[in-house]
Amino acid sequence: MPRTRTDQKSATPWWRDAVIYQVYIRSFADGNGDGVGDIAGLRARLPYLQELGVDALWINPWYPSPMADGGYDVADYRSIDPLFGTLAEAEELIAEAHTRGMRVVLDIVPNHTSDQHRWFVEALASPPGSPERDRYLFRDGTGPDGSRPPNDWRSRFGGPAWTRVTEADGSPGQWFLHLFAAEQPDLNWASREVRAEFEAILRFWFDRGVDGFRIDVAHGLAKDPALPDLGIPDDALFEHERHKEDHPHWDQEGVHEIYQTWRKIADSYAGDRLFVAEAHVREDRLVDYLRQDELHTAFNFPFLKSSWEPNAMREVIDRAVTGLAAVDAPPTWVLSNHDVPRHVTRYGRGDTQTHEHDVGAGPADLELGTRRARAAALLTLALPGSAYLYQGEELGLWEVEDLPDEVLADPTWKRSGGTVRGRDGCRVPLPWSGLDGPFGFGPKGTEAWLPQPAEWKTLTAQAQSGIPWSMLELYRSALRLRREQSGFDSGTLRWLEMPEGVLAFERSPVLRCAVNFSGEPFPLPKNWGVLLASERITGGQLPADTTVWLWGGGSSRG
Ligand code: GLC
């Protein structure tokens, strides 16, 4: 059972090698039949997650929100949106997850609030220069009549990052910054009040037994106070240079003191609380977020973006393992999340690096993608550090690329003028059981908020349960072995000499993992037993696009 407030900190905290399952709550399970996933649905499926064998859940934002960006526009950080349930239900969920041996990580969204947040409503009703406006980034416009935005920054969802307000007297007024949708005004982290508020929000949830936070846009909070232009042409929809040296709003030095304060708060609670950063920064800068007095871990996006290719994979793995060792942070591994196309589809494309939700990348070979996804799962779960699973990857779900235009809900679709479809294709509700929609996602006869492909009837949790070689059983076996077999806890990895196209490493003298990226079968060393493989192994040959876990040793060690 997870440690709670009364426990001491452990020498090897759970998050160093945990498997954390991402619950995109609106698409996980619908308990009340309104077509949207909720806490009741999630609670009813906790036995499934326990049986799957994950150590923790990361729950995407469940706070009251107008849902302009799937809940990443938070109107009240201390409550639950009625769409998902109540605060009492959230508390019960946390308690029950703990009883079942799973920890709970929440999503905190500190870069921006919703435009319906009390603070933003007050800011709009207050004059320029007021303390209410100082919680956000309001500025006068440029040009003779202030009708041009204060600078040329771009929203991540396309278009200008500034929107002009109408003042209380009806006149055209100041502009406010929003690095995402206009419904997501950026907070001013130079404000003491903003800092104090988020410190209180962390305590609010830690007090309720939450085991950690995923920090949304962790690299965006501090802005260069001069708000300098980036030199982006007027007609550009997006900014394409977010890792540029000395960027004025990504990865500014000022973020670090915020996280030093947050770390002190986490440390003041007994047990091992976790922060995991969503920080899209240059790899050599990521370590700064993970210094001993800052955050514990960060998502490894280069791994997610890597092509299915041995040299590229080995390089990103090496960089993560060695790069983070300097600050003694464990590496993390992630293949999919709610912002990128599902990896079955990515790996089923010639160009597996495609991770933007743009159309036009060509059809995906889903059979090949699934085979590679199986191999990638065993590779990921054999690596030292912690792993994130995105709901539905254990069922082998693919990206739904043919959603009708009229159901698309991602703000990117609208803000790009219908040119970029956005992220809905990886957010389609899970298929649990049965032969037709909503496939047990909600009660029979209800309609899920996004339509599920009819083909998913073969991918439901029910259809795969107990079926040897199904994706679900592969994940269950892998997680069980990872938990039970010694060797997975070593925290280290040693590469083995292999022919071109094969990657193999040792986790302990008796535990190895080999991945065959080449098109040819590869003869496995003798004296090693197969613990688990992503495809059937016959005649001692590791087939193409297959991963195997080997156990044993003897004369073939080396
Ligand atoms: C993060 C979230 C994404 C959201 C954005 C704005 O990147 O993962 O879903 O749209 O932040 O909050």
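Helix axes here are lines fitted to C-alpha atoms over the stretch in contact, and the angle between two of them runs from 0 to 180 degrees between N-to-C directions. With that convention in place, I turn to the structure, which is a predicted model.

I begin with a helix pair. Helix 11, residues 366–382, packs with helix 14, residues 471–484, at an angle of about 10 degrees. The axes of these two helices are 10 Å apart. Angles under 35 degrees count as roughly parallel, and helix 11 and helix 14 are therefore roughly parallel to each other.

Which residues make this contact between helix 11 and helix 14? From helix 11 come Thr370, Ala373, Arg374, Ala377, Leu378, Thr380 and Leu381. They meet Met471, Leu474, Tyr475, Ala478, Leu479 and Arg482 in helix 14. Sorted by class, the contact of helix 11 with helix 14 comprises nine nonpolar, two polar and two charged residues.

Next, the ligand. It is surrounded by 14 residues, of which the closest are Asp69, Arg214, Asp216, Glu278 and Asp339. The shell around the ligand divides into seven charged, four nonpolar and three polar residues.

A ligand oxygen atom lies 2.5 Å from a side-chain N or O atom of aspartate 339. For aspartate 69, the corresponding distance from an oxygen atom of the ligand is 2.6 Å, and for arginine 423 it is 2.9 Å. As for burial, the ligand taken alone exposes 300 Å², and the protein buries 95% of that.

Finally, two points of backbone geometry. Most residues other than glycine have a negative phi, and most peptide bonds are trans. Leucine 227, although not a glycine, has a positive phi of about 45 degrees. This leucine 227 sits in the loop between strand 7, residues 212–215, and helix 6, residues 255–267. Glycine 437 and proline 438 are joined by a cis peptide bond, with omega about 5 degrees. Proline 438 belongs to the loop between helix 12 (411–415) and helix 13 (461–464).

Definitions and conventions. Residues numbered from 1 in each chain as written. Predicted model: local features only at pLDDT ≥ 70, side-chain atom pairs only at ≥ 80, totals over all residues. Heavy atoms only, no water. Near = heavy atom within 4 Å. Polar contact = N/O pair within 3.5 Å; in protein donor to acceptor, adjacent residues only side chain to side chain. Areas by Shrake-Rupley, 256 points an atom, 1.4 Å probe, with all protein chains shown as cover. Nonpolar A, V, L, I, M, F, W, Y, C, P; charged D, E, K, R; others polar. Helix = DSSP H or I, 4+ residues; strand = E, 2+ residues; numbered from the N terminus. Parallel < 35°, antiparallel > 145°, perpendicular 65-115°, else oblique. Contact = heavy atoms within 4.5 Å.
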